[in-house]
Amino acid sequence: MINHIANICKIPSISVEQLDNNLPFGSNANDALDFALNLAKSFNFETYKDSKNRYGFAQIGQGKKILGILVHLDVVPAGDEKQWKTSAFVPVIADDRIIARGSLDDKGPAIINMYAMKYILDNNLISNDWTIRIIFGISEETTMKSMKYYLEDFGHPDVSYTPDGEWPLIFAEKLIYQANFIFNKIDNFVINGGSVANQIPDKVTFSINDEVQTIYGISGHGSTPNKGENAIIKSINEILKNKGHFINFDLFKFIHNNFKNNDFSMPSVFKNFEDFSGKLTANIGIIKTNRNSHVITTDFRVPVSKSINDVSKAIQEYLTSNFNNVKFEVSGTKNAMFMPVDSKLVKLLIDTYNEGMKTNEIPIAIGGGTYARIVKNCVAFGSTKYMHVMHGPNEFFLFDEIKKSLEIYINTLIRIQEEL
């Protein structure tokens, strides 16, 4: 199982959207999909690949009810390769863990669940009423269009989980709201860094009067911006130390005022944006210099009780009062997700986890985004307690967690068939 995780993690399957192409999410994402489907065939699963190469799935059983396991095989970029022990796509099998991009998010959990299905098949534990189907998406880190195509073609499974979150179980996911803030260009100043909005940027290059400097940070998941070191914010602060007058430029004032003291909730903009799912968090994922502007792309994780309109209104009011020359545009949103903790699915899954781990934990809410927000009757279930390392350097999956996860998923597949 570890070797299969390592081999699929060698594929740099960063999703590249090219929808007019016969490989709509890029050749590397397609290679990862083919790897998973070929492994499934070797396990004697029935497999299906979309004729347009947009998604695939593998299944066991012939029942009318569909138990869906929703996984993704695309990954975020490596970030600053210097911070990796080898290379992001050269897996390291160490004493207690596997280190590779995608090992935890989400290739490792995908392989574990295939092995759980194999156990069910090999031991004749599949009910006549059920089909267990693992569905492979290849654009989860970007638009989720891959999984949306599956849903258009096959509809929603009767019940699902996605092993793409954090133990014990996630019953609520914050609204995701991404926006570009556009600032007037500063003469003789160029700054660029970051590659995706939902990742803490770990490298920024800037020049003032053609004098070039590079600042490094520590990458991580954009939903937990306090767990890394944002190279964009670090660069702005570093420049202000040496050139204090730059605070008069909107770009510097906006970032400095809103992200000082390691506070990522932007309280001056978002007043009372907090509920049972936590506070709003903001991650500046990308900064780039265009001919006439500087643009920052910010990823907001918004409490479940707030709406897209609430966020837009708060931003617009803040800019109107404080930054008249700054424009903003929404670049993407993903709806929040919430499932009552007393629902049958949540109770079954949390009980299975607690029995397997000999604990008494309760469901949690997160800022991360999973397929549970687009699929009916679905929650994120596992596979780690270390979710914050998912988008960072030296992403890892502990062997102990892998073994325990396998047992929990086997028991989960048995109990869902018996009880739901």
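A polar contact here is a pair of N or O atoms within 3.5 Å; within protein, one must be able to donate a hydrogen and the other to accept it, and residues adjacent in sequence count only if both atoms are side-chain atoms. This is a predicted model, where local features need pLDDT of at least 70, side-chain atom pairs count only at pLDDT 80 or more, and totals for chains, interfaces and linings use all residues. Numbering starts from 1 along each chain as its sequence is written, and side-chain values use heavy atoms, with hydrogens and water left out.

**View A. Thr297 and its polar contact with Asn180.**
The two side chains come to 2.7 Å in that contact. Thr297 sits in strand β16, residues 293-302 (helices, H or I, of at least four residues and strands, E, of at least two are DSSP runs, numbered from the N terminus). With a relative accessible area of 10%, Thr297 is buried (buried is under 20%, exposed over 50%, partly exposed in between, with a 1.4 Å probe and protein chains only). Skip the neighbours within four places in sequence, and Thr297 is still in contact with residues including Ala179, Asn283 and Ser331 (contact means heavy atoms within 4.5 Å).

Which residues of α6 (250-258) are buried? They are Leu251, Phe252, Phe254, Ile255 and Asn258. In general, an α-helix has 3.6 residues a turn, so residues three or four places apart point the same way. The buried residues of α6 pack against several elements, among them β9 (175-184), β16 and α7 (308-322).

**View C. The largest pocket.**
About 570 Å³ of space lies in this one. A pocket, on a 1 Å grid over the protein atoms alone, is an open set of points where a 1.4 Å probe fits, with protein on both sides within 12 Å along at least five of seven lines; lining residues have an atom within 4 Å of a point. Grid points are joined across faces, edges and corners, and the volume is the space filled by probe spheres set on the points. Of the 34 lining residues, Glu141, Thr142, Gln178, Asn198 and Lys334 lie nearest the centre. β17 (327-334) gives the most to the lining, with 4 residues.

**View D. Lys64, out in a loop.**
Is Lys64 buried or exposed? At 82% relative accessibility, Lys64 counts as exposed. Its loop runs between β2 (56-60) and β3 (65-72). Not counting residues up to four places away in sequence, Lys64 touches Asp129 and Asp158.

**View E. Two cis peptide bonds.**
One joins Asp105 and Asp106, with omega about 5°, and Asp106 is in the loop between β5 (97-99) and α3 (107-122). Another joins Trp167 and Pro168, with omega about 10°; look for Pro168 in the loop between β7 (159-162) and β8 (170-173).

**View F. Asn44 and Asn188, with positive phi.**
Asn44 has a phi of about 70° although it is not a glycine, and lies in the loop between α2 (27-42) and β1 (46-49). Asn188 has a phi near 60° and lies in the loop between β9 and β10. Asn44 is exposed at 67% relative accessibility, and Asn188 is exposed at 52%.
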